[in-house]
Amino acid sequence: MRRSRSPLPAPGSRLAWSRLRAMKAIVIEAPGDENCMRIGDLPPPELEAGAIRIRNFAAGVNRADLLQRQGYYPPPLGAPATLGLECAGEIAEVASGVDRFAVGDRVMALLPGGGYAEDVVVDAGSAILLPDALSFEEGAGLTETLLTVFLNVFQLGGLGEGGSVLVHGGGSGIGTTTIDLVKRAGGTVVATAGSREKCERCLELGADAVANYREDDWVALAREATGGHGVNVVLDSIGGPYLAGNLDVLTDEGTLVLIGLMGGAKAEISLGALLTRRLRVLGSTLRTRSAEQKAAIVRAFLERFGAALAAGEIRPVLHEVFPLEEASEAHRMLKASTHFGKVVLRIDRD
Ligand SMILES: NC(=O)c1ccc[n+]([C@@H]2O[C@H](COP(=O)([O-])OP(=O)(O)OC[C@H]3O[C@@H](n4cnc5c(N)ncnc54)[C@H](OP(=O)(O)O)[C@@H]3O)[C@@H](O)[C@H]2O)c1
């Protein structure tokens, strides 16, 4: 199929974009390994009520994309089938009634899918103005981790003044953002990582203590770092094999927030500790939440951290930027975990 390159409709034009041109996107014909992704042409999404159209310049790569590519993490109902949970670009079109944004604004956005593509349509409530100091590549690697960490550590985890957090995978997108936001909020953060080099980089970012999970006892380290009390919140993406340790390391009335199952979904624990120490265990996903819930999380995040974001103080740790055409390489890098921070796809437009 050849991609037609008709001129873009004028802002506010009532012409359907999908009838005017095709967009470049990553297409998956059947779920599989990294080789199942290829560049293809898709009709651009139609603008919906309450939404904005983003001329997309970059997309963040997230661990969930690897699962979706293999057929294990289907998009929520109504979301685009294309991969991509976050992006950054310029607003090309604004639905009537949306007054927070105007055509031409630079934005970064949280997406239920569809980020690996030239055109993105998303509810305006899921977008944030991209600070002038940040490039599109930087913006594309921020929204998913900022909102996930804010939701799970601060809102659901209830991290208070001077509180403490244990995050697994300190060198991941989620881990590096957790270190940043918790330190910004004046808390203590303990991380785990799988190599000495990653541990050192977590310390450089501001982590108070880091355990190499292949060698060290992270429960003992987290206790030591909190004066023997244990942590207030554990942000866990490993699951089964870490459940007992995660509960062990919590202080009384602490909260374990489970956001991933990289290590497995099953575990056996004694429920006694939950009762006697009044612990909370929560499971949480951001993607499946409604547009209204996401908009509320964005508003609360901006209230708390918006000034630091706008000032360019909050930035992602960008490990590598690949052109969209090399999405397979980006996925291989995440699978091998050779990255520290975020991997991003750059969308070069003709
Ligand atoms: N529920 C939600 O709403 C939500 C939203 C966003 C992300 N997530 C989840 O959060 C996790 C991180 O996502 P991401 O995109 O930031 O991932 P990522 O950058 O691909 O990083 C994954 C990290 O996990 C670490 N890791 C693997 N096994 C580990 C173990 N046994 N102990 C400690 N660390 C281990 C790896 O570090 P080493 O190289 O050091 O092993 C790697 O840094 C994923 O599970 C993802 O699905 C959930």
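Visitor: What makes the shell around the ligand a matter of both domain 1 and domain 2?

Guide: In this predicted model, the shell around the ligand takes at least three residues from domain 1 (17–142 + 287–346) and at least three from domain 2 (145–283). The shell counts 28 residues, with G169, S172, G173, G194 and G260 as the closest, and elements that each supply at least two of its residues are α2 (63–69), α4 (143–156), α5 (173–184) and β9 (188–193).

Visitor: Which class, nonpolar, polar or charged, has how many residues in the shell around the ligand?

Guide: The shell has 16 polar, 9 nonpolar and 3 charged residues, where Gly is counted among the polar ones.

Visitor: How do you know that domain 1 and domain 2 touch, and what does each bring to the contact?

Guide: The centres of the two domains, taken over C-alpha atoms, are 27 Å apart, and the contact takes 16 residues from domain 1 and 15 residues from domain 2, a contact being a pair of C-beta atoms within 7 Å. On the side of domain 1 that touches domain 2, helix α10 (residues 291–310) gives the largest share, 6 residues, and that side divides into 11 nonpolar, 4 polar and 1 charged.

Visitor: Why is the protein chain called as compact as a globular protein of its length?

Guide: The secondary structure of the chain comes to 11 helices and 15 strands. Its radius of gyration is 20 Å, and the globule rule gives 20 Å for 350 residues, so the chain is as compact as a globular protein of that length.

Definitions and conventions: Residues are numbered from 1 along each chain as its sequence is written. This is a predicted model: local features need pLDDT of at least 70, side-chain atom pairs count only at pLDDT 80 or more; totals for chains, interfaces and linings use all residues. Domain bounds come from an automatic or database domain assignment. Two residues are in contact if their C-beta atoms, placed from the backbone, lie within 7 Å. Helices (H or I, at least four residues) and strands (E, at least two) are DSSP runs, numbered from the N terminus. A residue is near a molecule or strand if its C-beta atom, placed from the backbone, lies within 6 Å of it. The radius of gyration is taken over C-alpha atoms; the globule rule is 2.2 Å times the number of residues to the power 0.38.
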